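Me: Got a model open here and I'd like to talk through a few spots in it. Can you take a look?
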Amino acid sequence: MKPTLLLCCAAAALTASSSAFQTTRLPNVAHSSGRRITSGSITSTSTARSLFFNNNQGIQKQPIETEEEKQKRLKLERLAEIEAGEIRRQQRISEDKLGYLFLFALQFLPLVGSDRYLSIAYFFGLAVTTVYLGGRQEVIDAPEKVTKQNALYAPVGASLAIGGLYFLLKNGLDPTSLYAVGVTIFGALCISDIGVPLLRNLFPSVDFGTAEIELPEGVAKKLDVDRLPIDGLITLGLGLLCTVVYWTPVALENKFLISNAIAWALGMVSLGAISLGSFQTGAILLAGLFCYDIFWVFGTDVMMTVATKVEAPVKFLYTAPPSDTPKDYPFSVLGLGDVVIPGLFVRFMAKVDEVLQPKNLSYFTTATFAYGAGLAACFGANEMFQNGQPALLYLDPSLVGSALACAAVNNQLSEVWEFEESSEEKVEEA
């Protein structure tokens, strides 16, 4: 019991005992001669005192939680929370297993050939399926919410970042290695995270909830952890292996699928870790990055230079078809941001579905199809004009426009426009 609660209980007991004593004593004084006290007064007083001391003893018997016990309890509660979250993630992946199997099968497409249309099929299938699965995935901890101020300044921050990389490249300083090291380390952790529920579905007979490895005493003291879960260790090892393979001195053409795997894990974890918070925030973010993408792709050579010169697993690659003329970059490219940024909006529309319960059209399904339509339009323009296209030019209007059109069909236009995640909590409380 908390100390504050003990003090409240003690005060309540003392007040009750004092009131009982006064109530029983005063009438007896009135009916006594001189200083004589009746037996009824003695009995009542004794009863009150007995009640007080019994209550006091009961309070004193309540154990007081020490700081060490509190920390241990909190750690156990956190472990239980994590395990409950992992079970939810495992169940959701089991429900969406066909999507994950499709993504796995898609990785064999480069073995078929490097035809241009095969690369389009690869990128389209990978991006749309990732957005769909990322929009449905379960998470353990509440995501970080993007504020309207964050959304307003996002294009500025992105411009400074890409402009800084371009400046370094043009001045003979190649930040590729340093940038790629940070990305691959974080990518290994992301593979470890997203790999746990996948591993549990691959081996459902293994009770990973209790399967742990006990650490040596010295290591346990340094890490402040006695045991580590086997599933987390296995997937962390897989993530580190992917990082090692990525850094092996082998041509990227022979290992680009490893780069794609790291990028995919980064994208999935990002979709679960970030929330737009409100529809208006999402609209602001997409509108700002819409202008950002158009400017840096069509107005300058900055985007294409950084995308092809800075090599790191933050994009999806597919080997370019053979050509008589040598190419500066041997891959077709789909930027990770063209999946994650629109994917955040698609995932947000899934939350709108949960709260508003539309009767006619699902917001999440509509957003997923709108993403596919926008991406198809981008690929079509790329084939028509034979140059790099800003994907957000096609994706952002498709997503926001379809969401508002869907809201109009559901007669929920104002509800969608004003929707915030806090409204979800209010509905649950109601």
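Me: Which residues does Ala 320 touch, not counting residues up to four places away in sequence?
Reply: Ser 114, Lys 327, Pro 330, Phe 331 and Ser 332, with contact meaning heavy atoms within 4.5 Å. Keep in mind that this is a predicted model, where local features need pLDDT of at least 70, side-chain atom pairs count only at pLDDT 80 or more, and totals for chains, interfaces and linings use all residues. Residues are numbered from 1 along each chain as its sequence is written, and side-chain values use heavy atoms, with hydrogens and water left out.

Me: Is Ala 320 buried or exposed?
Reply: Ala 320 counts as buried because its relative accessibility is 17% (buried is under 20% relative accessible area, exposed over 50%, partly exposed in between, with a 1.4 Å probe and protein chains only).

Me: And where does Ala 320 lie?
Reply: In the loop between strand E5 (315-319) and strand E6 (331-335); strands are DSSP runs of at least two residues (E), helices of at least four (H or I), numbered from the N terminus.

Me: How far is Ala 320 from Gly 113 in space?
Reply: 9.7 Å, C-alpha to C-alpha, though they sit 207 residues apart in sequence.

Me: New topic: which residues touch the most other members of the largest nonpolar core?
Reply: Phe 316, Phe 345, Met 349 and Tyr 371, out of 78 residues. Such a core is a set of buried Ala, Val, Leu, Ile, Met, Phe, Trp, Tyr and Cys residues joined through side-chain atoms within 4.5 Å.

Me: Which helix gives this core its largest share?
Reply: Helix H14 (residues 337-356), with 11 residues.
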